[in-house]
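Subject: Structure handover

Hello,

Here is the structure we discussed.

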Amino acid sequence: MADSTVPVDSPAQSPATAESEATVVPSKFLFPFILVTSLFALWGFANDVTNPLVKAFKEIFLISNAQSSLVQTAFYGGYATMAIPAALVIRRFSFKTGILLGLGLYAVGALLFIPASMNMQFGLFLVALYVLTFGLAFLETTANPYILSMGPPETATRRLNLAQAFNPIGSLTGMIVASQFILPNLQVADFRQQQVDANPAYQEMLPSEVDGLVTQALEDYSVANPTEHQAMQAHDLGVVRVPYVVIGVVVIAVLLVFAVSKMPDTGREHEQISLGKLTMKLATFRYLGGVFAQAFYVGAQIMCWTFIIHYGMTLLGMTAAEAQRHNIAAMIIFLTSRFICTFILKYLRPGLLLGILAIGGMLLTAGAIFVQGYAGIYCLVGVSACMSLMFPTIYGLALDGLNPEDGKLASAGLIFAIVGGALMPRFQGQIIDMDAFNFAGMELESVRVSFVLPLICFIVIAIYGFAMSMTQRPTSTSA
């Protein structure tokens, strides 16, 4: 991207012999590449330490699934608010400026968990998450095109997939922190287990029935014992606060490292951008379809990873911590699959692989809806293998052919598309709050039916992937 165009591995950009010799990360960019790649892990941590809060806040604050899903609305809404301003900042100044601003906002948002927990206000937590994701929007809008620029255009998609492969490491860390340090230490979880232990009759009931009865008991307890319930809330919100304060301090340390490090100023073109010309360049199915597909992908990812806890607790009688362990398994599969799929990109066109993975996601999501017992949650876990390559591949396909400066602004649209994670979980939460559905004589719990939404998302992604595959010539095996 430093000299001509952004993205996808395209043999039209250079002869096959040159492609075979192209380096994914040139040695002169190795240190900055490593430094910027660390950011992918940082926002992965924030994403996945936050997902379990949807269920945790539902129980701590005694609110509905739709209301608790506002956690994701605030979190991913921050991306929508700040993506375009972030793109304008990095174009006006530099990639490094965008990174420093992003890290600063990330730290501020994380540290806002202190007053939010002390005041015990759900709305303040939403504000904290909203500000935190202002920072993540800056980081993602900056880091993705920055990585693309650190080497030959013909290896740009592989380079971005390599960097994105470290995002699940941060995500996995966030999931482990939630599973080992947040969910098991919540007193509301202890209360739920005590109710189950005190009522042997619950062993004969469906998990969904037990979940409703325990929730009602918690609501009754809050009315009959308001002081004790408030003390429980204060304790649990203190538990939630700790990892955010820790990551806030870590982010400040990373900010200082970037501040004193010399970073390459790649892809700079000091010319006025023509919004008219840029609009014409972006008014294509490749770009607009990519933004659309990215919104549906992020929505599918957040729904599958957020509501797997509801799936396990409501349908299989798991505790929140047990259900979260299945999320950890999903992330391990996601991480492994991303490295495998990055290798496969040497042999398959990105669009074709994207379409194939989307079909796999459709089939496994259907399994989560219709297959009973543990096999259903195993299908839901398996969806992560199909999602592993989607974000960076859609990103690279959509920006293919744009020059560096146009790519900076165009990337904002793809980061803005993360708003799919703000909107779709809210709809899924509303479905979960409904009664069971009857489908072809089969009664399906509302939690199962809610996964129709990610299934639809995968259909959209498959259409985009196969459409892009038909516009690309096959890559060489060494591309």
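The notes below cover the nonpolar core and then the cavity.

This is a predicted model, in which local features need pLDDT of at least 70, side-chain atom pairs count only at pLDDT 80 or more, and totals for chains, interfaces and linings use all residues. Numbering runs from 1 along each chain as its sequence is written, and side-chain values use heavy atoms, with hydrogens and water left out.

The largest nonpolar core has 150 residues (buried Ala, Val, Leu, Ile, Met, Phe, Trp, Tyr and Cys joined through side-chain atoms within 4.5 Å; buried means under 20% relative accessible area with a 1.4 Å probe, protein chains only). Its largest share, 15 residues, comes from helix H8 (residues 122-149) (helices are DSSP runs of H or I, at least four residues, numbered from the N terminus). Val-36, Leu-39, Phe-57 and Tyr-106 have the most contacts inside this core. Beyond its neighbours within four places in sequence, Phe-57 is in contact (heavy atoms within 4.5 Å) with Leu-62, Ile-63, Val-71, Phe-122, Phe-125, Leu-237 and Val-240.

A search of the whole structure finds one cavity of 30 Å³ or more (on a 1 Å grid over the protein atoms alone, a set of points where a 1.4 Å probe fits but cannot get out; lining residues have an atom within 4 Å of a point). The largest cavity holds about 180 Å³, the space filled by probe spheres set on the points. It has 18 lining residues, with Trp-43, Asn-47, Asn-167, Gln-301 and Phe-391 the closest to its centre. H15 gives the largest share of the lining, four residues.

Regards

Note on methods. Buried means under 20% relative accessible area, exposed over 50%, partly exposed in between (1.4 Å probe, protein chains only). Helices (H or I, at least four residues) and strands (E, at least two) are DSSP runs, numbered from the N terminus. On a 1 Å grid over the protein atoms alone, a cavity is a set of points where a 1.4 Å probe fits but cannot get out, and a pocket is an open set with protein on both sides within 12 Å along at least five of seven lines; lining residues have an atom within 4 Å of a point.
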